[in-house]
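Subject: Structure handover

Hello,

Here is the structure I promised to pass on. Please open it first, then read the notes below it.

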Amino acid sequence: MLRVSDLAARTDTGRARSANEDSYWANSPLFVLADGMGGAQAGEVASSTAVEVFRALGGLPDGPGTYEARLAELVERANVEVYAQAQSDDQFAGMGTTLTVAYVTPEDLAIAHVGDSRFYVLRDGELQQLTDDHSLVGELVRRGQISAEEAEDHPQRSIITRALGIEGEVVVDHFSWPVRDGDVFLLCSDGLTGMVPDALIAEIIAGAESLAVAAQRLVAAANEAGGRDNITLILFRVEDVTPGAGAVVSEHTMVGEPAVRPPATVETSRGAPLASVAEAAPATTQAQRRQPRPPRPGDPRAQPRRKRRRWVPFAKGFAVIFVLLALVASGGWIAAQSVYFVGTNDDGYVTLYSGLPYELPGGFDLYSTEFTTGVPAQELSPHVQRTVTANKLRSYDDAVDLVRQLERGEIAGQNTQ
């Protein structure tokens, strides 16, 4: 049976930020970390709202399904809460947060994750990242388009491709990890990993006399390297306990008091306090659940949930429809498939299409998706956004070249024709 034998948690504003938008809850056997975004107080509200869903419950409640599936349901519930607040008040519009959650079960470790905060295991002196970064550079590294070293200084490294609060639904990575006696686990925001390389993180943890000392030294190392962001981390060690005669072992063994960063207290522009997330958060339905490791937005094999369509109104576009129908009837449809255009899907990601950017009445598409990138169109300059959404017909090489330049961040602030 597994239990947590030691834990430590710390958060620090860093040297460049005036406020701390990170939140966490460390209450063995449950550990939650969130890194908010949105400016002013919005990021702090987003992260604390997400963490409050878990804190208000005091742990992982009993219920059907595996531990990891139940964690994922709570992450989806947190997304509903953050999204509702973002929609309810203009001062919170566009806010979001990462969320990484770990739960030590009697047999293994359950993990649920959204965003670019990270979860590591230190085993036999080696540090291994268990979660994927839901970020633009993370997608590019996984696709082999840039190296891990290039990702560290990439101009678009701050763009994340998945977060809580951006949409009403979110895809949650969730899985179980086989734990060995003595494993040390680290949850952290990118304020640590953006400043301190993995090799040094492993060295600091392995060389510290306790996890509390290791946590202190990690925060200090991040600040010494520049402290450009908020720094938050949770460290815990797991041991395998075999109950003997008279031994009393509980999966909810506490190691000290729960460590938590108090949630933000914010009033709306109308002066009324925000509703507590503990109040009747809607349950997640079976249809909303996600399977482990779903396709990522930047994966060429992943198809967007909805396509960005350009409708042809029947009255105003009769002539266009006639020409397109004539193309189909005359075999011109084959030729039409040799042209390409760059646009955005309904999730806002830059997408390469083949065909013509129209849909005929009856839902007949004159285009098909080649692949979807991990580049959110809203992160591009206004001029480049207009270029991307203009659906200009291009050759394959021209269209692919434009997409690759956008992925590498080479024209994000430049004019394109």
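Let me start with R55. This residue is partly exposed, with a relative accessible area of 31%. Please keep in mind that the model is predicted.

**Salt bridges**

R55 forms a salt bridge with E52. The closest N and O atoms of that pair are 2.7 Å apart. Both residues sit in helix 1, which covers residues 42–57. They are three residues apart there, so about one helical turn separates them. E52 is buried, because its relative accessible area is 13% and the cut-off for buried is under 20%.

R237 forms a salt bridge with D6. Here the closest N and O atoms are 3.6 Å apart. This pair links distant parts of the chain. R237 is in strand 11 (residues 231–240), while D6 is in strand 1 (residues 2–12). The two are 231 residues apart. R237 is partly exposed, at 29% relative accessible area. D6 is partly exposed too, at 21%.

E209 and R217 also meet through their side chains in a salt bridge, 3.5 Å from N to O. E209 is exposed, with a relative accessible area of 62%. R217 counts as partly exposed, at 37%.

**A negative patch**

Four residues form a negative surface patch: E149, E150, E152 and D198. Which helix gives the most to the patch? Helix 4 does, with three residues. This helix runs over residues 148–152. E152 is in helix 4. E152 counts as exposed because its relative accessible area is 57%, and exposed means over 50%.

**Aromatic pairs**

The structure holds eight aromatic pairs. One of them joins F119 and F185. That pair is stacked, with ring centres 5.6 Å apart and 5 degrees between the planes. It links distant parts of the chain. F119 belongs to strand 7 (residues 118–123) and F185 to strand 10 (residues 184–188), 66 residues apart. Both F119 and F185 are buried.

Another pair is F341 with Y367. Their ring centres are 6.1 Å apart and the planes stand at 80 degrees, so this pair is edge-to-face. F341 is in strand 13 (residues 340–344) and Y367 is in strand 15 (residues 364–376). The pair therefore ties together parts that are 26 residues apart in sequence. F341 and Y367 are both buried.

There is also a cluster. Ring pairs link F31, F119, F185 and F236 into it.

**Backbone points**

Which residues does a cis peptide bond join? They are S28 and P29, with omega about 15 degrees. P29 lies in the loop between strand 2 (22–27) and strand 3 (30–37).

For context, most residues other than glycine have a negative phi, and most peptide bonds are trans. D124 is found in the loop between strand 7 and strand 8 (126–129). At 65% relative accessibility, D124 counts as exposed.

**Two contacts across the sequence**

A206 and G125 are 81 residues apart along the chain. Their C-alpha atoms are separated by 6.5 Å. A206 lies in helix 6 (residues 198–207). Is A206 buried or exposed? It is exposed, with a relative accessible area of 54%.

L406 and A377 are 29 residues apart in sequence. In space they are 9.7 Å apart, C-alpha to C-alpha. L406 is found in helix 11 (residues 396–407). L406 counts as buried, at 2% relative accessibility.

**Where to look first**

Then turn to the stacked rings of F119 and F185. After that, find the cis bond between S28 and P29.

Best wishes

Terms used. Residues numbered from 1 in each chain as written. Predicted model: local features only at pLDDT ≥ 70, side-chain atom pairs only at ≥ 80, totals over all residues. Heavy atoms only, no water. Patch = residues over 30% accessible without salt bridge, like charges linked within 9 Å, V, L, I, M, F, W, Y side chains within 5 Å. Areas by Shrake-Rupley, 256 points an atom, 1.4 Å probe, with all protein chains shown as cover. Lys, Arg positive; Asp, Glu negative; His and termini not counted. Charge placed at Lys NZ, Arg CZ, Asp CG, Glu CD. Helix = DSSP H or I, 4+ residues; strand = E, 2+ residues; numbered from the N terminus. Buried < 20%, exposed > 50% of the residue type's maximum accessible area, 1.4 Å probe, protein only. Phe/Tyr/Trp six-rings, centres within 6.5 Å; stacked < 30°, edge-to-face > 60°.
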